[in-house]
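Take a look at the model below.

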Amino acid sequence: IIFRLLPNELAADTFEYLDFDMQMSLIKAMGKEEVAALLNEMSADDRTSLLEELPSAAAKQMIMMLSPEERKIATSLLGYPENSVGRLMTPEYIAVKPDWTITQTLEHIRKYGKDSETLNVIYVIDDSGKLIDDIRIREILLSPLENKISDLMDENFIELNVYDDQEKAVEVFKKYDRVALPVVDSKGILLGIVTIDDVLDIAEEEATEDIQKLGGSEA
C-alpha cells in the first residue's frame with residue numbers, strides 16, 4: 001500500500017533496491033499502466049537486471065510496455081552477452097566537447113544533468129562520439145568560466161570495453177577507486193557508464209559464491 005502511494009520517480013528509485021521476489025510481488029499487484037510507468041522511470045541498468053531474471057515471454061511483454069526510446073535502450077542492453085559490462089551499463093551520462101567553455105558546460109549540465117546516473121564525472125568526446133577524456137566535476141566547478149574544457153584535459157582516463165567480463169569491472173573499480181567508469185566499443189565510441197553501485201552488486205554475488213564453495217555447497 002505504501003509503495004503504491006509513492007510518486008513515480010520515488011517509486012522507481014525504491015523498486016530498484018528491492019529483491020527480485022519482492023519486485024515481482026509488487027508488479028503482480030499493480031495495473032498495467034502502473035507497471036509501464038514504473039518500468040519507464042527505472043534506470044536502464046536496473047531495469048536490465050530485472051528483465052534478465054524473467055522468463056523470455058514475460059520480459060518481452062514488459063519491453064513492449066516501454067516508450068519507443070526506452071524500448072530501444074532496453075533491447076540494446078539485453079543484446080550484450082550475459083555477464084558482460086554491456087549488461088551493467090547505463091546510457092545516462094553527461095558528455096561535452098573539448099572546445100566548450102566552462103559556462104557552456106555548466107549550462108549543459110543544468111539542462112541535462114537530471115537524467116544522468118551520476119554527475120561526479122563528466123566525459124569529453126570528439127565529433128564522432130569517441131571518448132577522449134574524463135573530468136571530475138570538482139575541476140569544472142572550480143575553473144574560471146571563460147576557460148575551455150580542453151584546458152582541463154590530460155587525456156589520462158580509464159575505460160571499460162562493452163564486452164569485458166563483469167568481474168574485470170570489479171577489479172578495475174577496486175584498483176582505481178572510481179565511482180563511475182565509461183564504457184566504450186572497439187572503436188572507442190562512448191556507449192554508457194558503469195557506476196559503483198552496480199559493481200558492488202556483482203562483487204557481493206562473487207563473494208557469496210566463494211563462501212558457498214568454501215562451505216562445500218554449490219554456488
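## Leucine 190

Leucine 190 counts as buried because its relative accessibility is 7%. Buried means under 20% relative accessible area, exposed over 50%, and partly exposed in between (1.4 Å probe, protein chains only). This is a predicted model: local features need pLDDT of at least 70, side-chain atom pairs count only at pLDDT 80 or more, and totals for chains, interfaces and linings use all residues. Residues are numbered from 1 along each chain as its sequence is written, and side-chain values use heavy atoms, with hydrogens and water left out.

What does leucine 190 touch, leaving aside its neighbours within four places in sequence? Its contacts (heavy atoms within 4.5 Å) are Tyr93, Ala95, Tyr123, Ile125, Gly129, Leu131, Pro182, Val183 and Val184. Lysine 168 is 22 residues away from leucine 190 in sequence, and 18 Å away in space, C-alpha to C-alpha.

## The sheet

Leucine 190 belongs to strand 6, residues 190-195. Helices (H or I, at least four residues) and strands (E, at least two) are DSSP runs, numbered from the N terminus. An open sheet holds 3 strands in the order 4-5-6, with mixed pairing. Strand 4 (160-161) and strand 6 are the edge strands, and each pairs on one side only.

Two strands pair if DSSP finds at least two bridges between them. Strand 4 and strand 5 (residues 180-184) run parallel and are joined by 2 bridges. Asparagine 161 has valine 184 in strand 5 as its bridge partner.

## The largest pocket

A pocket is an open set of points on a 1 Å grid over the protein atoms alone, where a 1.4 Å probe fits, with protein on both sides within 12 Å along at least five of seven lines; lining residues have an atom within 4 Å of a point. The largest pocket has a volume of about 1500 Å³. Volume here is the space filled by probe spheres set on the points, and grid points are joined across faces, edges and corners.

The lining has 39 residues, and Glu16, Asp46, Ser49, Asp198 and Asp201 lie nearest the centre. Helix 12 gives the most to this lining, with 9 residues. By class, the lining has 7 nonpolar, 8 polar and 24 charged residues. Ala, Val, Leu, Ile, Met, Phe, Trp, Tyr, Cys and Pro count as nonpolar, Asp, Glu, Lys and Arg as charged, and the others, Gly among them, as polar.

## The second largest pocket

The second largest pocket has a volume of about 230 Å³. Helix 7 (residues 68-78) gives the most to its lining, with 6 residues. Leu191 is one of the lining residues.
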